[in-house]
Amino acid sequence: MKEKLGVLVHGAGWVSTQHIKAFMNNPHTRVVAISSRKLESARKRAEEAGLKDVKLYDNLDKALENPEVDIVSVCTPQHVHAENTIAAAKAGKHIVIEKPIGNSLEEIRNMRDAVRKAKVKTVVSFVLRWNPLFQILKRIIADGMLGNLYYVEADYQSAIAAWWSGYEDARKKSTGVSAFLVGGCHAIDAVRWFAEKQEYKAANPVEVFAYSGGLRKGRIRQWNYYTQRWEDMPPLEYDDLEVALVKFENGVIGKVSVNFGGVQPYTFPIEIFGDEGTVKDNRIWSTRFQGQRGWIEIPTILPDSAEVTHHPFQAQMDHFVDCILQDRESHCNLEDAIKTHEIAFAALECYKTGKPVRLPLLT
Ligand SMILES: NC(=O)c1ccc[n+]([C@@H]2O[C@H](COP(=O)([O-])OP(=O)(O)OC[C@H]3O[C@@H](n4cnc5c(N)ncnc54)[C@H](OP(=O)(O)O)[C@@H]3O)[C@@H](O)[C@H]2O)c1
């Protein structure tokens with residue numbers, strides 16, 4: 001075993017800054033290469049991070065030939081995640097895959113098959129699983145403070161717009177596909193995560209029904225939360241609002257929405273109901289707290305920002321490096337993340353047929 005695992009970060013944009021930082025801070029990893037569409041972007045990221053002894057590439061296949069690379073972080077736009085992941089798996093590298101993992105069931109099936117064949121480890125960046133509030137809530141649930149769960153809600157409410165460097169690809173139907181895929185998959189994953197009582201496990205969805213709507217699709221005049229102004233921007237090519245109901249194998253019902261249309265700051269409300277207690281964001285009520293007269297508020301870091309610097313990428317990458325070193329699978333590996341994405345694809349199917357969709361979709 002090498003002294004340190006070598007990391008290649010591919011796609012030198014916004015989120016890559018945090019992947020680079022996290023792998024630089026992990027005592028068992030070293031960022032040995034950065035690749036991107038433009039060499040200049042890779043160089044900029046390296047310079048900003050103060051990385052001197054790092055190889056730069058504008059071609060993933062060439063970068064994957066570097067024998068120093070053990071882990072690849074796929075930070076490109078979502079429409080190239082599948083081809084990047086398959087190439088990395090074929091090269092025998094462990095892979096961090098940014099969400100969403102892929103743009104179609106076919107892409108996702110091919111990714112799964114390539115990863116299974118290569119027997120490499122994966123983690124998908126459902127980074128909120130490492131958010132401190134999420135971790136506290138999972139512990140509260142696992143400790144039985146809410147009793148038996150029966151209903152979970154989570155909503156991704158973010159005015160995705162031209163302030164985001166990834167907007168041009170994400171807003172298009174051909175490359176972004178849907179609001180659930182682009183951003184709402186975080187909320188879908190949260191519902192799966194909280195609908196399961198075991199601490200390091202997410203619930204299995206068995207049926208989905210969904211509606212889509214909203215007012216932003218095709219509209220050029222849009223609210224820019226960062227400038228606090230209405231501005232002309234290239235429009236979204238899909239509905240900005242999606243709402244889905246999900247039945248889980250364990251009997252829990254979930255409700256999840258993605259809403260890009262709200263004129264408001266980023267919010268990510270969570271509600272969890274059990275027969276012994278309730279959680280609303282960071283407030284808890286439980287039969288365990290005899291004499292409780294009001295909601296008990298947990299002062300912690302909330303999932304209340306779209307900023308990548310706010311997201312717990314360090315904890316996610318530390319977890320993944322542990323998984324590699326200890327030869328165990330992540331609870332958030334590709335196989336698990338497929339179950340989250342299947343809900344987004346089932347919602348799209350539902351808009352066509354008007355009928356509930358049974359899961360799993362991939363066999
Ligand atoms: N987990 C989270 O919470 C979180 C947060 C933010 C973003 N993300 C996800 O991370 C991914 C990237 O988002 P981002 O915000 O970092 O977007 P971004 O700023 O646009 O960065 C993507 C970078 O990839 C490069 N690129 C584009 N097309 C490429 C291609 N075909 N081959 C190689 N490189 C290519 C571009 O660099 P060049 O300059 O070289 O063209 C671009 O800077 C998206 O899937 C997004 O949803 C996740």
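**Entry 1: helix H2**

I looked at the face of H2 turned away from its buried side and found the exposed residues Glu40, Glu47 and Glu48 there. Helices (H or I, at least four residues) and strands (E, at least two) are DSSP runs, numbered from the N terminus. The model is a predicted one, in which local features need pLDDT of at least 70 and side-chain atom pairs count only at pLDDT 80 or more, whereas totals for chains, interfaces and linings use all residues. Residues are numbered from 1 along each chain as its sequence is written.

Within H2 (residues 39-49), I noted Ala42, Arg45 and Ala46 as buried. They lie on the same side of H2 because they cover an arc of only 95° around the axis, the arc being that of the directions from the helix axis to the C-beta atoms. The cover over the buried residues of H2 includes helix H1 (16-25), strand S2 (29-35) and strand S3 (55-57). Gly50 follows H2 and has a positive phi, near 75°.

**Entry 2: the two domains**

I consulted the domain assignment, which gives domain 1 (5-127 + 314-333) and domain 2 (128-304 + 340-358); such bounds come from an automatic or database assignment. The contact takes 18 residues from domain 1 and 17 residues from domain 2, two residues being in contact if their C-beta atoms, placed from the backbone, lie within 7 Å. On the side of domain 1 that touches domain 2, helix H5 (105-118) and helix H10 (313-325) each supply at least two residues. H10 gives the most to that side, with 3 residues.

**Entry 3: the largest nonpolar core**

Of its 101 residues, Ala187, Val191, Phe194, Val208 and Ala347 touch the most other members. Helix H9 (residues 179-194) gives the most to this core, with 11 residues. The core draws at least three residues from each of domain 1 and domain 2. Not counting residues up to four places away in sequence, Phe194 touches Leu137, Ile141, Val152, Ile270 and Ile272.

**Entry 4: the ligand**

I found 23 residues surrounding the ligand, the closest being Gly11, Gly13, Ser36, Ser41 and Gly166; a residue counts if its C-beta atom, placed from the backbone, lies within 6 Å of the ligand.

Note on methods
A nonpolar core is a set of buried Ala, Val, Leu, Ile, Met, Phe, Trp, Tyr and Cys residues joined through C-beta atoms within 7 Å. A residue is buried if 20 or more other C-beta atoms lie within 10 Å of its own, exposed if 12 or fewer, and partly exposed in between; C-beta atoms are placed from the backbone.
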